[in-house]
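Trainee: Here is the model I would like to go through. Can you take my questions in turn?

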Amino acid sequence: MVQRTLSIVKPDAVKKNAVGAVIRCFEDAGLRVAALKMLHLSAEEAGRFYVVHRERPFYKDLTSFMSEGPIAVLVLEGPDAIARVRKIMGATNPRDAAPGTIRALYAENIERNAVHGSDSEGSAGYEIPFFFPEIEIH
Ligand code: CMP
């Protein structure tokens, strides 16, 4: 099934000049970039994006990290895009990420983990319109 998913190149990876490298990984796997932009979230905006994690102990740190610098956000499209993007990213904790995955290559730790990808159709349905109106998705 052709799906759309939301991915973020997080502030740590943008600082490392890895925006292109991350997008290359997705494109090389056959995913299509359907939307793309950069922005610098406020802590409040990052908190709304990650609202499902608001009760977690790492929530405040996460919103502060995600607002420390610019991010690149993209919509990726393709067959089984949600699961495939998660596989290409690797495990949340880079210590557990398979060799060659984006997190194995670029993540620093479980929080500063380089990249985000929607974890389900439900979250993609919240996350894509959080950043992109339909007119900006191609
Ligand atoms: P992401 O896939 O964007 O989804 C939620 C984010 O919270 C996750 O990547 C990490 O950046 C962060 N995160 C998840 N678990 C932890 C944890 N145990 N400690 C700190 N940060 C975490």
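Trainee: What percentage of the contacts in the protein with a separation of 6 or more comes from residues 24 or more positions apart?
Mentor: The model is a predicted one, in which local features need pLDDT of at least 70 and side-chain atom pairs count only at pLDDT 80 or more, while totals for chains, interfaces and linings use all residues. Residues are numbered from 1 along each chain as its sequence is written, and side-chain values use heavy atoms, with hydrogens and water left out. A contact means heavy atoms within 4.5 Å. Among contacts with a separation of 6 or more, the share from residues 24 or more positions apart is 78%.

Trainee: In what order do the elements of the protein run from the N terminus on?
Mentor: Helices (H or I, at least four residues) and strands (E, at least two) are DSSP runs, numbered from the N terminus. There are 7 helices and 4 strands. Written from the N terminus, the order is β-α-α-β-α-α-β-α-α-β-α.

Trainee: What is the radius of gyration of the protein?
Mentor: The C-alpha atoms fill a box of roughly 35 × 35 × 25 Å along the principal axes. The radius of gyration is taken over C-alpha atoms, and the globule rule is 2.2 Å times the number of residues to the power 0.38. For 138 residues that rule gives 14 Å, and the protein comes close to it, so it is as compact as a globular protein of that length; its radius of gyration is 14 Å.

Trainee: How much of the protein is buried?
Mentor: Accessible areas come from the Shrake-Rupley method with a 1.4 Å probe, and for residues only the protein chains shown count as cover. The protein exposes about 7,000 Å², of which carbon and sulfur atoms supply 55%. Buried means under 20% relative accessible area, exposed over 50%, and partly exposed in between. Of the 138 residues, the buried share is 48%.

Trainee: Which are the edge strands of the sheet?
Mentor: Two strands pair if DSSP finds at least two bridges between them. The open sheet has 4 strands in the order S2-S3-S1-S4, with antiparallel pairing. An edge strand pairs on one side only, and that describes S2 (32-39) and S4.

Trainee: How many bridges join S1 to S3?
Mentor: S1 is mostly covered, with 6 of its 8 residues buried. Towards S4 it pairs in the antiparallel sense over 3 bridges, and Ile8 stands opposite His116 there. Towards S3, Gln3 stands opposite Gly78, and Arg4 has Glu77 as its bridge partner. The number of bridges between S1 and S3, which run antiparallel, is 8.

Trainee: What angle does the direction of H7 make with that of S1?
Mentor: Axes are lines fitted to C-alpha atoms, for helices over the stretch in contact, and angles run from 0 to 180 degrees between N-to-C directions. H7 packs on the sheet and touches S1, S2, S3 and S4; the angle between its direction and that of S1 is about 60°.

Trainee: Why do the buried residues of H5 line one face of the helix?
Mentor: Helix H5 (residues 81-89) has as its buried residues Ala81, Ile82, Val85, Ile88 and Met89. The arc is that of the directions from the helix axis to the C-beta atoms. Seen down the axis of H5, these residues line one face because they fall within an arc of 130°.

Trainee: Which residues are exposed on the other side of H5?
Mentor: The buried residues of H5 are covered by elements including S1 (2-9), H2 (19-28), S3 (71-79), H6 (102-106), S4 (115-117) and H7 (121-131). On the other side of H5, the exposed residues are Ala83 and Lys87.

Trainee: How far apart in space are Glu121 and Asn17?
Mentor: Asn17 is in the loop between H1 (11-15) and H2, and is exposed at 72% relative accessible area. Glu121 is in H7 and is also exposed, at 52%. Beyond its neighbours within four places in sequence, Glu121 is in contact with Met1, Gln3 and Ile82. Glu121 and Asn17 are 104 residues apart in sequence, and their C-alpha to C-alpha distance is 30 Å.

Notes:
Buried means under 20% relative accessible area, exposed over 50%, partly exposed in between (1.4 Å probe, protein chains only).
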